[in-house]
Amino acid sequence: MDEASSSTAADVRVRLRFITRDPTIRVNEVPLAVPVALNRRGLSEVINHLRGVGGGTKGSAAEEEEEGDKTNAGGYDFVIENQLLRCSLDKFLRATGLSTEVTVNVEYYRTLQAPLEGTRSKPDDAWVGSLV
């Protein structure tokens, strides 16, 4: 057998269309082929790259946000077929029976960070106490 006939998960790609409800993190919804070996962290890097933040590429928009890169770049959570992605795309596609031959819609949103230990939250106004 030749090398072309044997492929690993790193060689296999799937076309993803990234969609979000948050206009502040929206990227182009044109399908993009990515390796199925990627997991949540890898897909977060793809989103940050498409947004032009947190990466090493410098363009006019990236230069303007140079100071804000650390705050604008972040991790994301991904939902495919109403299921939260918590493994590699390869494992997820095999477990759900989705084919790498079709374009898969992937909804993404910012990952919520837990509060830092020792920080205090801002108290809410006591408007409920004034209701009679």
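In this predicted model, Val14 stands opposite Val34, a residue of E2. The two strands involved, E1 and E2, pair in the antiparallel sense over 4 bridges. E1 has another partner as well: 5 bridges join E1 to E5, and these two strands run parallel. Within that pairing, the bridge partner of Leu16 in E5 is Val104. E5 in turn pairs with E3 in the antiparallel sense, over 4 bridges, and here Val79 stands opposite Glu107 in E5.

Put together, these pairings belong to an open sheet of 5 strands with the order E2-E1-E5-E3-E4 and mixed pairing. Strand E2 (32-35) and E4 stand at the edges, and each has a single partner strand, so one side of each is left without a neighbour in the sheet.

The sheet can now be placed in the chain. The secondary structure of the protein chain comes to 4 helices and 5 strands. Read along the sequence, the elements follow the pattern β-β-α-α-α-β-β-α-β. Among contacts between residues at least 6 apart in sequence, 65% join residues at least 24 apart. Of the 132 residues of the chain, 23% count as buried. The accessible surface comes to about 9700 Å², and carbon and sulfur atoms account for 50% of that surface.

The largest nonpolar core has 20 residues, of which Val14, Leu16, Phe18, Leu43, Phe78, Leu89 and Tyr108 touch the most other members. Strands and helices both contribute: strand E1 (13-19), helix H1 (40-51), strand E3 (76-80), helix H4 (89-96) and strand E5 (103-110) each supply at least two residues of this core. Leu43 shows what such a position looks like. Leaving aside neighbours within four places in sequence, Leu43 is in contact with Leu16, Phe18, Val34, Leu38, Phe78, Leu85 and Leu89.

Why does Ile80 count as buried? The relative accessible area of Ile80 is 0%, and the cut-off for buried is under 20%. Not counting residues up to four places away in sequence, Ile80 touches Leu89, Phe92, Leu98, Val104, Asn105 and Val106. Ile80 and Leu93 are 13 residues apart in sequence, and their C-alpha atoms are 9.5 Å apart in space.

Asp77 is also placed in strand E3. Is Asp77 buried or exposed? Asp77 counts as buried, because its relative accessibility is 8%. The side chain of Asp77 is joined to that of Arg86 by a polar contact of 2.9 Å. Beyond neighbours within four places in sequence, the contacts of Asp77 are with Arg40, Leu84, Arg86, Glu107, Tyr108, Tyr109 and Thr111.

Glu81 lies in the loop between E3 and strand E4 (83-84), and Asn82 has its place in the loop between E3 and E4. Most residues other than glycine have a negative phi. Glu81 has a phi near 55 degrees, a positive value in a residue other than glycine. For Asn82, phi is near 65 degrees, again a positive value in a residue other than glycine. Glu81 counts as exposed because its relative accessibility is 54%. Asn82 is exposed too, with a relative accessible area of 77%.

The last topic is confidence. The protein chain averages a pLDDT of 80, and 68% of the residues score at least 70. Among the elements, E1 has the highest mean pLDDT (98), whereas helix H2 (residues 60-64) has the lowest (39). Two stretches can be named here. Over residues 1-6 the pLDDT is below 50, and beyond near neighbours in sequence this stretch has 0 contacts in the model. Over residues 56-71 the pLDDT is also below 50, and that stretch has 12 contacts beyond near neighbours in sequence. Where pLDDT is low, the predicted coordinates should not be read in detail.

Notes
Residues numbered from 1 in each chain as written. Heavy atoms only, no water. Core = buried A, V, L, I, M, F, W, Y, C linked by side-chain atoms within 4.5 Å. Buried < 20%, exposed > 50% of the residue type's maximum accessible area, 1.4 Å probe, protein only. Contact = heavy atoms within 4.5 Å. Polar contact = N/O pair within 3.5 Å; in protein donor to acceptor, adjacent residues only side chain to side chain. pLDDT = per-residue confidence, 0-100. Areas by Shrake-Rupley, 256 points an atom, 1.4 Å probe, with all protein chains shown as cover. Pairing = 2+ DSSP bridges.
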